[in-house]
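Biologist: I would like a close look at one part of this model. Please take the place where the two chains meet, and give the cut-offs as you go.

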Amino acid sequence: MMNQEAQLKLQAYLDGELPAGERAAVEAWLACDAEAQLLLAELQNTGRALDGHGADVKLPETREFFWSKIEREIERQEQPEPVISRHQPVSVFWWLRQWVPFSGVAALVVLLMILVVHPGQSNAGQFGEMEIAADSMGADVFRDQEQKMTMVWFYDRSGDSQFTESSPLATVNHQ
Amino acid sequence: MKNDKDHSSANDEALVEAAKQGDMGAFEELVARHRDKIYARALSMMRNEDEAIDLSQEAWVKSWQRLNQFHGESSFGTWITRIVINLCLDQLRRRKRRRTESIEEMDEESGGVERQLPVVTTNPTERLERAELRKRIDGALEQLSHEHRTVLVLHEFEDMEYKEIARTMGCSIGTVMSRLFYARRKMAALLANLKTEDLK
């Protein structure tokens, strides 16, 4: 059985890819090796069978239809794409969306502090009910009478807020 | 972009120059002249008509966009053929990445049984009608892995040298040589209706 190196050398000889110096050696080998002759004949026959294959293949679309698709695609790709500037001014709506949760929280904290600092003006230190304007925000309140301290946790119900800390947002010591 | 000028008598070089100036009519004539060959090349590599049509269309769009990079180093036909070959190779690579190669294909890559196939001593295609021969060759090409088929197509149909195939496919010359050898041997066996089972 011929080894792989010999097989590939024979093929390179057939394809004219062998250096001139090696061609003579392969020809001498071919002259006295029947197996090499048979293999060379098989490779040649395969090449002949493939010769001209595909020459009669026709694109199964009319000239006009095929061209119309190409023309349309060229025109489509030549349309300038809308330029998105990196320095485009940010819309007011975007700012509002970013700052509404913060301002809501700040307002609540201020309200809470007013009530705690001036309990007499409120319902005698009772916080009663507090409403949170934003639907996406929740709050938990803990009140320690002995320590005279109230802790308020605000949290984001939607889960995409920056208020993810587990520590209370406001701690108020009663006077 | 319409151009009613008759381009049918102009040669490819003149059409390319006109197309470079933005003459779509000239480019349409180039498409009409070479579209069958470009499609045939895509079909020989992809073995799927729809994919071959899409890829040949893409090749024409790309060639319009890159026309200014063509300076006549080769014929326009050769240049646009290289574009469609590269698009087909990209598509085949993407497809291969999406799919785990079968053990059979890996075996084929490393030689498999093709190297040990008995030599086909008679020319199996000698007395075949052209249509029958085409059918058999198509069937045989379909059974090759895309790497083997591509090497065979580039060498036999595009007359590319080993070095050029290696560059196009991004592999070594040694790999090209062994792939080509196994592809030819498998083709010979398939054309002779030999099956690997016959070896057992």
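Biologist: How much area do chain A and chain B bury between them, and what percentage of it is on carbon and sulfur atoms?

Modeller: Chain A and chain B bury about 4,400 Å² between them. Carbon and sulfur atoms hold 60% of that area. Buried area here is the accessible area (1.4 Å probe) that two parts lose on being put together, summed over both. The size of an interface is often given in this way.

First, the ground rules. The model is predicted: local features need pLDDT of at least 70, side-chain atom pairs count only at pLDDT 80 or more, and totals for chains, interfaces and linings use all residues. Residues are numbered from 1 along each chain as its sequence is written, chains are lettered from A and ligands numbered from 1 in the order in which they are written, and side-chain values use heavy atoms, with hydrogens and water left out.

Now the contact itself. Chain A gives 41 residues and chain B gives 52 residues. Contact means heavy atoms within 4.5 Å.

Next, the polar side. Between chain A and chain B there are 16 residue pairs in polar contact, both residues at pLDDT 80 or more. A polar contact is a pair of N or O atoms within 3.5 Å; within protein, one must be able to donate a hydrogen and the other to accept it, and residues adjacent in sequence count only if both atoms are side-chain atoms. Salt bridges between chain A and chain B number six. Each needs a side-chain nitrogen of Lys or Arg within 4 Å of a carboxyl oxygen of Asp or Glu. One salt bridge joins the side chains of D36(B) and K58(A), at 3.8 Å from N to O.

Which elements of chain A take part? Those giving two or more residues to the side that touches chain B are α1 (4-14), α3 (34-50) and α4 (63-78) of chain A. The largest share, 11 residues, comes from α4(A). Helices (H or I, at least four residues) and strands (E, at least two) are DSSP runs, numbered from the N terminus. By class, this side of chain A has 17 nonpolar, 12 polar and 12 charged residues. Ala, Val, Leu, Ile, Met, Phe, Trp, Tyr, Cys and Pro count as nonpolar, Asp, Glu, Lys and Arg as charged, and the others, Gly among them, as polar.

Last, the two partners. Chain A has five helices and three strands, in the order α-α-α-α-α-β-β-β. Chain B has nine helices and zero strands.
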